[in-house]
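Please read them alongside the sequence and the coordinates.

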Amino acid sequence: CGEPHSPPPAHMVAAGAAALNAGRTRYAPPAGIPALREAIAAAMCHRGLDATADDVVVTPGAKPILLYAALTLFATGDEVLVPSPHFPIFDSVARFAGGRPVYYRVDPSRPSGIDLDEIAAKIGPRTRVLMLNTPHNPTGTVLGADALAGLAELVLRHGLTVISDEIYSQHQYDEPHRTIAALPGMAERTVVVDGFSKTFAMTGWRLGYGVMPAPIAERVTRLVINSCSCTATFVQDAGLAALTGPMEPVLAMRRALRERRDVLVRGLNAIPGIRCAMPRGAFFAYPNVAELLAHSSIAARDLAGQLLARHGLACLPGTAFGAGGEGHLRLSYAAPVEQLTTALDRLAACARALGAGQGGTKPLP
């Protein structure tokens with residue numbers, strides 16, 4: 001599941017409760033309360049993006065920004081470059097807005113995560129938008145400086161706009177998060193999508209935001225006015241406290257997730273028929289189970305069903321994230337180590353039942 005196991009920071013919960021008690025329950029400005037928008041803009045400056053409050057729109061969760069950006073940026077018949085595998089909402093909002101998804105591969109076994117030549121070959125006269133997700137759900141892939149620079153060059157050369165989903169920006173383990181919007185010429189061509197659900201474990205609070213050129217922000221704000229009106233004021237107050245308060249809860253969550261990641265990936269690579277690249281961000285492992293599937297001539301969806309029905313282990317087949325996910329499973333490691341160990345035991349039991357060979361398989365790099 002895409003939900004942190006940690007509780008929300010205590011000071012954030014206290015701020016939300018205080019706002020409720022103070023009567024902060026009336027309508028808010030459609031684009032968000034000024035103090036929160038200013039704090040978000042300041043946080044983006046730490047990523048290298050020179051943003052102001054006029055570039056920020058706050059919404060009830062990050063998904064509305066994905067939808068509003070799609071409705072704003074392309075028309076019926078326009079082509080949209082979508083990662084494969086992908087968070088299912090990418091494909092959904094692209095089609096809802098009349099676009100035609102064109103898929104490019106995200107491969108966690110590649111050092112760069114993507115093939116720039118493949119993406120370049122898929123850009124045509126109707127291509128309007130490039131969708132990015134880094135760190136990536138479901139693979140945990142992080143696009144490094146070279147990959148982002150190469151993508152920016154393609155975007156500028158072809159006059160595209162980017163929708164960059166960075167909701168896992170604070171769950172990156174080996175290097176600081178980079179946004180494509182901070183590269184030269186890209187701030188004017190990028191909608192950054194982020195929020196509080198993953199960073200501050202605020203999934204049920206529904207608080208997200210987009211950072212984008214002010215003219216696009218104006219159009220997105222009109223969509224907010226005509227749909228949800230605004231985001232709850234007391235929730236925004238809680239988000240402001242989270243963003244401007246102590247960050248130790250976030251750092252502690254990241255340390256715990258890194259430990260859990262290492263336990264899960266090490267265990268996965270010890271199971272015959274399974275290989276798993278080390279995810280560099282988010283909190284998902286994306287094991288390759290093609291060899292295991294070959295032993296039983298079943299698809300990833302059937303394997304996920306067997307794991308649940310016969311072994312009490314819930315996971316998602318890679319195909320839940322598009323056809324490009326065949327041969328994979330997605331497992332969340334946002335759970336205590338004891339639960340991950342139990343999950344590994346049950347997955348190993350399933351592998352034995354399916355007739356996988358003895359001994360571990362070679363890990364992916």
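1. The largest pocket is lined by 21 residues, and those nearest its centre are Ala-43, His-46, Arg-47, Gln-170 and Met-247. The elements that contribute two or more residues to this lining are α2 (34-45), β6 (190-195) and α8 (233-244), with α2 giving the most, at 3 residues. Helices (H or I, at least four residues) and strands (E, at least two) are DSSP runs numbered from the N terminus. The volume of the largest pocket is about 480 Å³. On a 1 Å grid over the protein atoms alone, a pocket is an open set of points with protein on both sides within 12 Å along at least five of seven lines, a cavity is a set where a 1.4 Å probe fits but cannot get out, and lining residues have an atom within 4 Å of a point.

2. This is a predicted model, in which local features need pLDDT of at least 70 and side-chain atom pairs count only at pLDDT 80 or more, whereas totals for chains, interfaces and linings use all residues. Residues are numbered from 1 along each chain as its sequence is written, and side-chain values use heavy atoms, with hydrogens and water left out.

3. Arg-47, named above among the residues nearest the pocket centre, forms a salt bridge with Asp-194 (2.5 Å, N to O). Arg-47 lies in the loop between α2 and β1 (56-59) and Asp-194 in strand β6, so the pair ties together parts that are 147 residues apart in sequence. Both residues are buried, meaning under 20% relative accessible area, with exposed over 50% and partly exposed in between (1.4 Å probe, protein chains only). A salt bridge here is a side-chain nitrogen of Lys or Arg within 4 Å of a carboxyl oxygen of Asp or Glu. Arg-47 and Asp-194 are also linked with Glu-166 in a network of salt bridges.

4. The structure holds 14 salt bridges, including one between Arg-258 and Asp-174, whose closest N and O atoms are 3.3 Å apart. This pair links helix α9 to the loop between β5 (161-165) and β6, 84 residues apart.

5. What is the nearest side chain of opposite charge to Arg-260, which is buried yet has no salt bridge? That side chain is Glu-259, 6.0 Å away, where Lys and Arg count as positive and Asp and Glu as negative, His and the chain ends not being counted. The side chain of Arg-260 does reach the backbone oxygen of Ala-335, at 3.1 Å.

Conventions
A polar contact is a pair of N or O atoms within 3.5 Å; within protein, one must be able to donate a hydrogen and the other to accept it, and residues adjacent in sequence count only if both atoms are side-chain atoms. Grid points are joined across faces, edges and corners, and a volume is the space filled by probe spheres set on the points.
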